[in-house]
Amino acid sequence: MTVSVVQFGGSNCDRDAVRALAHLGVDAERVWHEDGLPADTDGIVLPGGFSYGDYLRAGAMAARAPIMAEVREAADDGVPVIGVCNGAQIGSESGLTPGAFTTNASARFQCEPVFLRVERADTPWTAAYEAGDVIEVPIAHGEGRFEIGEDAHADLVADDRVLFRYCDADGNVTDAANPNGSTDNIAGVLGERDSVAVLMPHPERATLPDLGRSTDGAGILEAFA
């Protein structure tokens with residue numbers, strides 16, 4: 001599989017994503033957004049960062065870049081697509097997934113490890129886990145609070161499209177375990193296809209053993225392996 005890691009002006013996690021995927025034996029390359037997707041793209045990562053300085057809204061400008069039409073078309077064709085942090089914001093702004101990400105309840109940038117509960121294990125992104133597993137993955141965002149309307153939230157839950165929820169070390173989903181005030185402690189969601197996902201935490205920062213921290217995020221990126 002050849003994974004295209006889309007780089008926008010202001011992306012800063014694209015190299016991390018390529019390194020993490022290479023560690024898992026996945027062929028990945030950084031693709032400048034103006035160049036379009038390579039013809040041999042078998043997977044897509046929308047990486048973290050501060051695309052276009054987060055002007056207007058985080059991810060809003062990148063979501064309107066021409067390459068995102070190609071990303072949406074690829075997603076419709078079943079190509080696996082994941083958006084991480086700023087990539088999650090871009091994904092939601094472009095309509096790949098429902099809901100939106102806005103300013104943290106604390107109104108502060110937060111960079112810390114968090115615990116996530118795996119809500120579904122029957123997707124490409126969670127096949128390495130069991131439902132109910134607790135994994136530790138870091139966050140680093142100022143606009144990571146997931147918001148969604150009441151009816152849309154009910155549909156999201158009914159359609160079983162919640163991928164991860166913030167929880168404590170024992171898997172309890174509580175207000176205290178919610179780092180940013182996200183609706184229903186939601187940390188990651190699926191698109192209309194299970195092959196499309198966005199999440200605010202950074203699995204690429206919890207993959208390399210050299211970093212001396214949790215490698216729990218590797219299972220998410222193994223979807224490309």
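Buried residues are those under 20% relative accessible area, exposed residues are over 50%, and partly exposed ones lie in between (1.4 Å probe, protein chains only). By this criterion Tyr 129 is buried, with a relative accessible area of 10%. The model is predicted, so local features need pLDDT of at least 70 and side-chain atom pairs count only at pLDDT 80 or more, while totals for chains, interfaces and linings use all residues. Residues are numbered from 1 along each chain as its sequence is written, and side-chain values use heavy atoms, with hydrogens and water left out.

The protein has five helices and eleven strands. These elements are DSSP runs numbered from the N terminus, with helices (H or I) of at least four residues and strands (E) of at least two. The radius of gyration is 16 Å, close to the 17 Å that the globule rule gives for 225 residues, so the protein is as compact as a globular protein of that length. Here the radius is taken over C-alpha atoms, and the rule is 2.2 Å times the number of residues to the power 0.38. Along the principal axes, the C-alpha atoms fill a box of roughly 45 × 35 × 30 Å. Of the 225 residues, 54% count as buried. Contact means heavy atoms within 4.5 Å. Among contacts with a separation of 6 or more, 75% join residues 24 or more positions apart.

Tyr 129 sits in the loop between β6 (110-118) and β7 (134-141). Its C-alpha lies 7.4 Å from that of Val 118, eleven residues away in sequence. Beyond neighbours within four places, Tyr 129 is in contact with Val 118, Ala 121 and Ile 135, and also with Asp 216, Gly 217, Ala 218, Gly 219 and Ile 220.

Helix α3 spans residues 86-93; seven of its eight residues are buried, so the helix is largely enclosed by the rest of the structure. The buried residues are Asn 86, Gly 87, Ala 88, Gln 89, Ile 90, Gly 91 and Ser 92. They pack against α2 (67-76) and against the strands β3 (43-46), β4 (81-84), β5 (100-102) and β11 (196-199). Gly 95 follows α3 and has a positive phi, near 90°.

The side chain of Thr 183 makes a polar contact with that of Glu 147, at 3.4 Å. Such a contact is a pair of N or O atoms within 3.5 Å; within protein, one must be able to donate a hydrogen and the other to accept it, and residues adjacent in sequence count only if both atoms are side-chain atoms.

The largest pocket has a volume of about 180 Å³. Its lining includes Arg 72, Ser 94, Gly 95, Arg 161 and Glu 192. Helix α2 gives the largest share of this lining, three residues. The count is one cavity of 30 Å³ or more. The largest cavity has a volume of about 40 Å³. Ala 17, Val 45, Pro 47, Gly 48, Val 84, Glu 204 and Leu 221 line the largest cavity.

How values were computed
On a 1 Å grid over the protein atoms alone, a cavity is a set of points where a 1.4 Å probe fits but cannot get out, and a pocket is an open set with protein on both sides within 12 Å along at least five of seven lines; lining residues have an atom within 4 Å of a point. Grid points are joined across faces, edges and corners, and a volume is the space filled by probe spheres set on the points.
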